[in-house]
Amino acid sequence: MELIQPFLNSADAVLAQGLESSVAIENLTMDEEAYRRKGIAAEVCLTGDIEGRIIFDAGEKTAACFASHLAGAELASTDDLVREAVCELANQVIGNAVTVLNDQGFHFRVHPPTIHTSEQGAKSSEDTEAVVLCFSTERGKVYMNVALRYHHCSLEHAAAGR
Amino acid sequence: MEQFAPVKRSGDNQPVRYLIVDDSVFARKNLAKMVESFGGQVVGEAGDGVTAITEYDRLTPDIVLMDITMPQMEGIEAAEKIVGQHPGARIVMVSSVGYQENIVAALQRGARHFVQKPVKPEVLYEIIKYVMRDDQATPQTAGAGAGA
């Protein structure tokens with residue numbers, strides 16, 4: 001859970017600012033089954049003291065609504081800019097969370113977001129926490145599938161840094 | 001979008017010329033809209049650090065807005081190379097990843113400032129004015145600055 005909290009806080013802050021909307025955490029569940037993509041999704045990989053990937057996902061209509069608001073112009077869900085907007089929102093939410101975790105002593109490298117086209121994502125395993133977070137905004141719902149695990153060799157270093 | 005008093009170059013009173021570097025087209029468009037609201041002119045865009053270097057050589061902009069996490073070459077390395085070739089280059093790092101170590105590394109390698117995404121226009125405006133101070137740039141219209 002200590003890994004998840006910064007993502008909750010960051011999503012809350014970034015979505016509220018970017019979408020000019022109230023944000024509520026609707027649901028937080030351990031993903032026992034493989035994650036199913038809801039619409040337009042971006043994937044960001046992390047490597048370092050903690051490794052894994054995060055999928056940032058919104059239904060097509062919601063994603064178009066987000067992108068239109070951010071761009072200040074009406075965009076269709078088929079517009080490439082909508083995919084770009086989802087990637088950029090993912091980048092901001094995850095980047096801000098990683099900032100907090102780095103300042104706590106963990107060291108990561110964040111890779112550029114890519115469009116997640118697969119229908120399914122990873123589920124929880126023995127060493128990987130896969131959690132699905134659902135945020136409700138006035139412009140629609142956002143889902144984050146966070147699958148992270150500690151990189152065991154780096155744990156002592158991270159703990160010493162805190 | 002909020003209107004700001006134009007920041008112009010003191011020497012010739014022309015708009016400040018920007019190079020925007022970000023692998024996200026969406027982020028580049030948003031930053032372009034922001035700097036245009038400051039009275040600036042976007043003279044070029046790049047999606048990675050390697051292109052940023054060649055575009056800087058070609059365009060010699062007044063300010064570079066540079067992302068950090070990008071494919072091919074990351075922003076901090078590109079900033080270091082640009083400043084190595086052009087010591088007067090004004091580079092402002094714009095990234096969602098703003099931990100202390102990253103900020104220090106960017107500043108040590110020649111960046112003038114750092115702003116964390118999501119970017120607030122009024123914050124970027126103040127940074128632009130600060131970074132352009134050695135050009136003695138001043139707002140052209142009194143009383144219409146950030147937050148006006």
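Of the 148 residues of chain B, 53% are buried, meaning that their relative accessible area is under 20%, with exposed set at over 50% and partly exposed in between (1.4 Å probe, protein chains only). This is a predicted model, in which local features need pLDDT of at least 70, side-chain atom pairs count only at pLDDT 80 or more, and totals for chains, interfaces and linings use all residues. Residues are numbered from 1 along each chain as its sequence is written, chains are lettered from A and ligands numbered from 1 in the order in which they are written, and side-chain values use heavy atoms, leaving out hydrogens and water.

Let's stop at one spot. Ser96(B) sits in the loop between strand 4 (91–95) and helix 4 (100–108) of chain B. Ser96(B) counts as buried because its relative accessibility is 1%.

So what is around it? Setting aside neighbours within four places in sequence, Ser96(B) is in contact with Gln116(B) and Lys117(B), and also with chain A residues including Asn91(A), Gly95(A) and Thr99(A); contact here means heavy atoms within 4.5 Å. The side chain of Ser96(B) reaches over to the backbone oxygen of Asn91(A) at 3.0 Å.

Definitions and conventions: Helix = DSSP H or I, 4+ residues; strand = E, 2+ residues; numbered from the N terminus. Polar contact = N/O pair within 3.5 Å; in protein donor to acceptor, adjacent residues only side chain to side chain.
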